[in-house]
Amino acid sequence: MAMGKRKPKQTSCFLAPRDPKAASHPFYAKVNEILERNKVDKRLEHLCARFYQPVMGRPSLAPGVYFRMLLLGYFEGIDSERGIAWRVADSFSLRSSWDSV
(Lines give C-alpha, C1' and ligand atoms only; values in the text may rest on other atoms or scores of the structure.)
Protein backbone atom coordinates (compact mmCIF):
# COMPACT_ATOMS: atom_id res chain seq x y z
CA MET A 1 0.00 0.00 0.00
CA ALA A 2 1.39 3.35 -0.99
CA MET A 3 1.77 6.06 1.55
CA GLY A 4 -0.98 8.69 1.64
CA LYS A 5 -3.64 6.44 0.09
CA ARG A 6 -6.83 5.93 2.02
CA LYS A 7 -9.06 2.93 1.89
CA PRO A 8 -12.57 3.63 0.61
CA LYS A 9 -15.06 4.00 3.45
CA GLN A 10 -17.69 1.37 3.83
CA THR A 11 -21.17 2.65 3.05
CA SER A 12 -24.03 2.19 5.47
CA CYS A 13 -25.90 -1.10 5.28
CA PHE A 14 -29.14 0.39 6.63
CA LEU A 15 -31.77 1.36 4.07
CA ALA A 16 -34.48 3.63 5.41
CA PRO A 17 -37.97 3.30 3.91
CA ARG A 18 -39.02 6.26 1.82
CA ASP A 19 -42.54 6.57 3.12
CA PRO A 20 -43.10 4.60 6.32
CA LYS A 21 -46.70 3.59 6.85
CA ALA A 22 -48.12 2.27 10.08
CA ALA A 23 -50.56 -0.57 9.93
CA SER A 24 -53.98 0.82 10.63
CA HIS A 25 -56.33 -0.66 13.17
CA PRO A 26 -59.09 -2.51 11.25
CA PHE A 27 -61.87 -1.21 13.49
CA TYR A 28 -60.93 2.46 13.07
CA ALA A 29 -60.28 1.94 9.34
CA LYS A 30 -63.88 0.70 9.03
CA VAL A 31 -65.18 3.62 11.12
CA ASN A 32 -63.37 6.05 8.80
CA GLU A 33 -64.77 4.27 5.75
CA ILE A 34 -68.33 4.57 7.07
CA LEU A 35 -67.88 8.24 8.02
CA GLU A 36 -66.39 9.09 4.61
CA ARG A 37 -69.11 7.22 2.73
CA ASN A 38 -71.80 9.21 4.58
CA LYS A 39 -69.94 12.52 4.12
CA VAL A 40 -69.94 13.20 7.87
CA ASP A 41 -67.00 15.62 7.62
CA LYS A 42 -68.82 17.99 5.24
CA ARG A 43 -71.98 17.84 7.34
CA LEU A 44 -70.09 18.61 10.55
CA GLU A 45 -68.22 21.50 8.91
CA HIS A 46 -71.53 22.94 7.72
CA LEU A 47 -73.17 22.57 11.15
CA CYS A 48 -70.18 24.01 13.04
CA ALA A 49 -69.23 26.82 10.63
CA ARG A 50 -70.80 29.56 12.76
CA PHE A 51 -68.67 28.58 15.77
CA TYR A 52 -65.34 28.87 13.93
CA GLN A 53 -63.67 32.26 13.48
CA PRO A 54 -61.65 32.81 10.29
CA VAL A 55 -58.51 33.95 12.16
CA MET A 56 -58.20 33.87 15.91
CA GLY A 57 -55.19 32.41 17.68
CA ARG A 58 -54.13 28.85 17.17
CA PRO A 59 -55.88 26.93 14.35
CA SER A 60 -58.53 24.60 15.67
CA LEU A 61 -59.17 20.97 14.83
CA ALA A 62 -61.51 20.18 11.99
CA PRO A 63 -64.92 19.13 13.37
CA GLY A 64 -64.59 15.69 11.72
CA VAL A 65 -61.24 15.02 13.42
CA TYR A 66 -62.63 16.18 16.78
CA PHE A 67 -65.65 13.89 16.33
CA ARG A 68 -63.35 10.94 15.57
CA MET A 69 -61.32 11.70 18.68
CA LEU A 70 -64.47 11.73 20.80
CA LEU A 71 -65.50 8.38 19.26
CA LEU A 72 -62.08 6.98 20.14
CA GLY A 73 -62.52 8.14 23.73
CA TYR A 74 -65.94 6.52 23.89
CA PHE A 75 -64.82 3.20 22.36
CA GLU A 76 -61.70 2.94 24.50
CA GLY A 77 -63.19 4.26 27.74
CA ILE A 78 -61.03 7.40 27.91
CA ASP A 79 -62.96 10.10 29.74
CA SER A 80 -60.69 13.13 29.35
CA GLU A 81 -59.68 15.16 26.31
CA ARG A 82 -56.07 15.10 27.52
CA GLY A 83 -56.17 11.30 27.67
CA ILE A 84 -57.67 11.12 24.17
CA ALA A 85 -54.99 13.49 22.83
CA TRP A 86 -52.28 11.34 24.43
CA ARG A 87 -53.74 8.17 22.89
CA VAL A 88 -53.89 9.71 19.42
CA ALA A 89 -50.37 11.15 19.73
CA ASP A 90 -49.11 7.72 20.79
CA SER A 91 -50.58 5.88 17.79
CA PHE A 92 -49.12 6.27 14.30
CA SER A 93 -52.04 4.36 12.79
CA LEU A 94 -54.64 6.74 14.26
CA ARG A 95 -52.73 9.84 13.25
CA SER A 96 -52.08 8.63 9.71
CA SER A 97 -55.69 7.63 9.12
CA TRP A 98 -56.93 11.06 10.25
CA ASP A 99 -54.30 13.12 8.41
CA SER A 100 -56.21 12.69 5.18
CA VAL A 101 -59.43 14.06 6.70
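Biologist: Hi! Which residues form a nonpolar patch on the surface?

Modeller: F27, Y74 and F75 do, with about 360 Å² of accessible area together. Patch residues have over 30% relative accessible area and no salt bridge, and nonpolar side chains (Val, Leu, Ile, Met, Phe, Trp, Tyr) are joined within 5 Å. A salt bridge is a side-chain nitrogen of Lys or Arg within 4 Å of a carboxyl oxygen of Asp or Glu. Areas come from the Shrake-Rupley method with a 1.4 Å probe, and for residues only the protein chains shown count as cover. This is a predicted model: local features need pLDDT of at least 70, side-chain atom pairs count only at pLDDT 80 or more, and totals for chains, interfaces and linings use all residues. Residues are numbered from 1 along each chain as its sequence is written, and side-chain values use heavy atoms, leaving out hydrogens and water.

Biologist: Thanks! Is Y74 buried or exposed?

Modeller: Y74 is exposed, at 65% relative accessible area; exposed means over 50%, buried under 20% and partly exposed in between.

Biologist: And where is Y74 placed?

Modeller: In helix α3, residues 63-76. Helices are DSSP runs of H or I with at least four residues, and strands are E runs of at least two, numbered from the N terminus.

Biologist: New topic: how many helices and strands does the protein chain have?

Modeller: Five helices and zero strands.

Biologist: What about α2 and α3, which residues meet there?

Modeller: V40, D41, L44, E45 and C48 in α2 meet P63, G64, F67 and R68 in α3, where contact means heavy atoms within 4.5 Å.

Biologist: Last one: how much of the protein chain counts as buried?

Modeller: Of its 101 residues, 21%.

Technical notes:
Patch = residues over 30% accessible without salt bridge, like charges linked within 9 Å, V, L, I, M, F, W, Y side chains within 5 Å. Buried < 20%, exposed > 50% of the residue type's maximum accessible area, 1.4 Å probe, protein only.
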